[in-house]
Amino acid sequence: MIFALAFLRRHPRVLARLAGWSVLEALPAVLSGQAVARALDHGFLAGRPAAGLGWLGLLAAAILVGAVGTHRTFRCLADLAEPLRDELVEHVVAGTLRRAAIDGGGADRSAVARLTHQVEIVRDTFAGLIMTLRGFLFAITGALVGLASLAPVVALLVAAPLLAGLTVFVAALPRMAARQRAYVLADEDLADHAGRAFAGLRDIVACGAERRMAAEISVPVDAQAAAERAVVRMTATRGISLAVGGWLPLVVVLVATPWLVDRGLTAGAVLGSLIYLLHGVHPALNLLVGGLGGGGVRLVVTLDRILRASSAEPVVPGDPAARPDSADVTLRGVTFSYGRRAEPVVRGLDLDVRDGDHLAIIGPSGIGKSTLVGLLAGTLQPQQGEVRVGGERTGRLDVRTLARHRVLIPQEAYLFTGTLLDNLRYLRPDADVQDIDRAVEAVGLRAVVRRLGGYDAHVTPDALSAGERQLVALTRAYLSPARLVLLDEATCHLDAAGEARAEQAFAARPGALVVVAHRVSSALRASRILLLDGEAATLGTDNSLRGTSPLYRDLVGHWSVEPAGLLGDADRLQPVAGARLAQDR
């Protein structure tokens, strides 16, 4: 509720307008009993029907004024509910992305429930709760003020049962909140299970596991249904509080009517008192019990769940004190597969990439090149063996440290809507214009900068071609402080000259460069080449691989084999000990 109260404090003008129109809306509640009592006592019973009709006409006018107030309150309500929804959506999205970036785990499927179902619950119930509390406060105040001015003794008679009903209701609120909280958690659990099942639906059908999956899904379904039934059962408590606080005062007044008349209370005053109870106190209490006991509890529980789940500081994996001391990458006995029973994509791989190296990775499509790059980058962790960057295991490094020491550019370059300068400085916010100019010239982005109108130009991803987006991403990576650069077909949308210029710029940059080659020329520029063939990983140079690997000759379109004696020792094949790679999934 702290979030909701803080939100309301940020909108004082809307609240002031809402209160003003609510006063007009409550006008019939204040005048109803008085108008009827005077119409009866001073009009119809006194033989003056015109006076009686005049008082009823005054009440009718008050009802019309109240209707205008009601209409205006809904306009004010929209000015509160919609901004609240926008803030919650921003809160959920920011929290989910922050945790995903830091944790590096899979998708948070329960965030879908928070973003859609739960945010809409909060918006609707927040609007309903504002109307409930506003309506209760103004209606009950108007009715009790009118009742006290008309018949103070009746006000005293109804005070005790009214307070008793409110006490029963308030005492039950904690149990209502607990059951509603259990329902919200069950709803999230069901969304999470259903999301995993839908994501693997094709595999479930292929394996004939429909019944098993249905049995697993039935558990959270039943739990959610049980939690919802528990919430519904609390309506009995709300009914008891409404009966005690809303209907019992009416019975008390009816039973006490002879005594009240004997003490001089007029027939009009008795009827006016009943009108205050029937059309003021009872509807107001009914509004409070129904709105706060239903929507109010849902609001508190659901809002608390959204804020807790979205604001919880994610646990940063790894040791923040661990610091790589170079761009060296070492793989020892690395095995990786997508699933416990899946064939390993990488098996027992040993590999060394030294600071200053320029390594090209080649192989048929789907052979595991991107998987290997993910292992080098630390975005994937091996099931066996270890990957070290600068002497530190990647699993021991937190994501912030990894981001400072290596940069990975995938095939589809990521840009965000904003200025070109913001996109270029994303990995190095303190880069000055001279540094940016050098990076732009080195990578070959200058023509794009001129076309866009300079660094302050506003860009959107769809306004640039795929090649231009890659050049922006490459320049951003060049500017970054990371000494290990991993390019996973990051130049595939550039022409051969543009690719050569970008790769040569990175090769001249301090650190190590690993490239998943898109063209043969990219492999030829590397100092070493790692060939993946689905069974083994072979490390060599262009000359050594041409002389010993039919697959390499096939890939580069060169089938002639030079005599073995023409190969120098430095060019001879270097098999990677113990390395095997399977077909990438």
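These questions and answers go through a predicted model of one chain. Local features need pLDDT of at least 70, side-chain atom pairs count only at pLDDT 80 or more, and totals for chains, interfaces and linings use all residues. Residues are numbered from 1 along each chain as its sequence is written, and side-chain values use heavy atoms, with hydrogens and water left out.

Trainee: How many helices and strands are in the chain?

Mentor: Helices (H or I, at least four residues) and strands (E, at least two) are DSSP runs, numbered from the N terminus. By that rule the chain has 20 helices and 14 strands.

Trainee: What percentage of the residues in the chain is buried?

Mentor: Buried means under 20% relative accessible area, exposed over 50%, and partly exposed in between (1.4 Å probe, protein chains only). Of the 585 residues in the chain, the buried part is 46%.

Trainee: Are α6 and α8 roughly parallel or antiparallel?

Mentor: Axes are lines fitted to C-alpha atoms, for helices over the stretch in contact, and angles run from 0 to 180 degrees between N-to-C directions. The axes of α6 (residues 152-199) and α8 (residues 210-233) come within 9 Å and cross at roughly 160°. Angles under 35 degrees count as roughly parallel, over 145 as roughly antiparallel, 65 to 115 as roughly perpendicular and the rest as oblique. Therefore α6 relative to α8 is roughly antiparallel.

Trainee: How many nonpolar residues has the contact of α6 with α8?

Mentor: Contact means heavy atoms within 4.5 Å. Among the residues that meet are Y183, L190 and A194 in α6, and I217, V221 and V231 in α8. Ala, Val, Leu, Ile, Met, Phe, Trp, Tyr, Cys and Pro count as nonpolar, Asp, Glu, Lys and Arg as charged, and the others, Gly among them, as polar. The contact has three polar residues, five charged and, for the class asked about, 14 nonpolar.

Trainee: Which residues does L524 touch, beyond four places away in sequence?

Mentor: L524 lies in helix α18 (residues 520-525), and counts as partly exposed because its relative accessibility is 42%. Its C-alpha atom is 8.3 Å from that of T541, 17 residues apart along the chain. Leaving out residues up to four places away in sequence, L524 touches D542, R546 and Y552.
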